[in-house]
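Subject: Structure handover

Hello,

Please find the structure below. My notes on it follow.

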Amino acid sequence: MTEPNPAATPLVEIAGLRKSFGPVEILKGIDLTVRRGEVVALVGSSGSGKTTLLRCVNLLETPSSGRITVEGKPFFERSGGEDRAGLPRKAINAMRSRIGMVFQHFNLFPHMSVLGNVMEGPRTVKGEADASNRARAMDLLAKVGMAGFADRRPDQLSGGQKQRVSIARALNMQPMLMLFDEPTSALDPELVGEVLKTMIALAREGTTMLVVTHELGFALEVADRVVFLDAGTIAADGPPREVLIHPPTERIRAFVNRFHETAELMKPLMG
Ligand SMILES: Nc1ncnc2c1ncn2[C@@H]1O[C@H](COP(=O)(O)OP(=O)(O)O)[C@@H](O)[C@H]1O
Ligand SMILES: [Mg+2]
């Protein structure tokens, strides 16, 4: 939600990204840039490849070809079947650990407390000492409104609370980029607002976010850019009002009309 600064170096630059599963090509040459402090909403019909694209960004999925540059450094490059980035695995893992991800289904560790979940990444991935980790984890739980739940287990929480803990857990790795994959679509309607509110606060602080969402109201009000994915290609990439209010194609217009009502939800949250 910061003012886009065209001079800023792109945080993530994706070029010519392709991904096939077996014979089926799901991503058909994606070019996408996310600048520091930007909130980019990724929208599109089910099956268009949004999750696959998000998972390629942090290499949870290995692209078939293309290039991903993070902070100006090669993160992934493959062409002609050959790996050309040539980064040691350790460097790749260090970069991956700075990309946070929030999933539709939370994926909290069920046997750990809320605090344990939030502390787990820095403890196991970075070997951080507990004192600093715990202090930051408690601050983050406070930030997402979950400080009073530090000792609870995930199964004692509502979906909205679990998702806010998942956000705190991702933030505790001090990521340079946050990826969200439909973070509210598994929630009961009355719990959607509390998660969106947390995301709005992050956006306002300048967190760089790539958000797959069907909450077009959120995309309209919070995103700097809306990217519309259609069958594995980018059909639109521009300011939210351009893409969502004056859709450039008939397919986008049809998609937007179906989700029109979610815009109403945002009004009380933006305050
Ligand atoms: N691991 C996989 N193996 C085979 N096909 C997959 C796999 N993951 C996703 N797909 C297929 O890729 C297409 C795009 O899926 P996905 O990226 O999940 O779309 P979206 O998130 O936009 O709904 C779908 O047809 C899906 O079935
Ligand atoms: Mg998906």
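N107 lies in the loop between β7 (99-102) and α3 (114-125); helices (H or I, at least four residues) and strands (E, at least two) are DSSP runs, numbered from the N terminus. The model is a predicted one, in which local features need pLDDT of at least 70 and side-chain atom pairs count only at pLDDT 80 or more, while totals for chains, interfaces and linings use all residues. Residues are numbered from 1 along each chain as its sequence is written, chains are lettered from A and ligands numbered from 1 in the order in which they are written, and side-chain values use heavy atoms, with hydrogens and water left out.

Backbone

Most residues other than glycine have a negative phi. N107 is not a glycine, yet its phi is positive, at about 55°. N107 is partly exposed, with a relative accessible area of 41% (buried means under 20%, exposed over 50%, partly exposed in between, with a 1.4 Å probe and protein chains only). E71 also has a positive phi, near 50°. E71 sits in the loop between β4 (65-70) and β5 (73-79) and is partly exposed, at 24% relative accessible area.

β4 and β5 run antiparallel and are joined by 5 bridges. T69 has P74 in β5 as its bridge partner. Contact here means heavy atoms within 4.5 Å. Axes are lines fitted to C-alpha atoms, for helices over the stretch in contact, and angles run from 0 to 180 degrees between N-to-C directions.

Helix pair

Helix α5 (residues 159-171) packs against helix α6 (residues 189-204) at an angle of about 20°, with the axes 8 Å apart. The two are therefore roughly parallel (angles under 35 degrees count as roughly parallel, over 145 as roughly antiparallel, 65 to 115 as roughly perpendicular and the rest as oblique). Residues of α5 in the contact include R164, I167 and L171, and those of α6 include L191, E194 and L202.

Regards

Notes
Two strands pair if DSSP finds at least two bridges between them.
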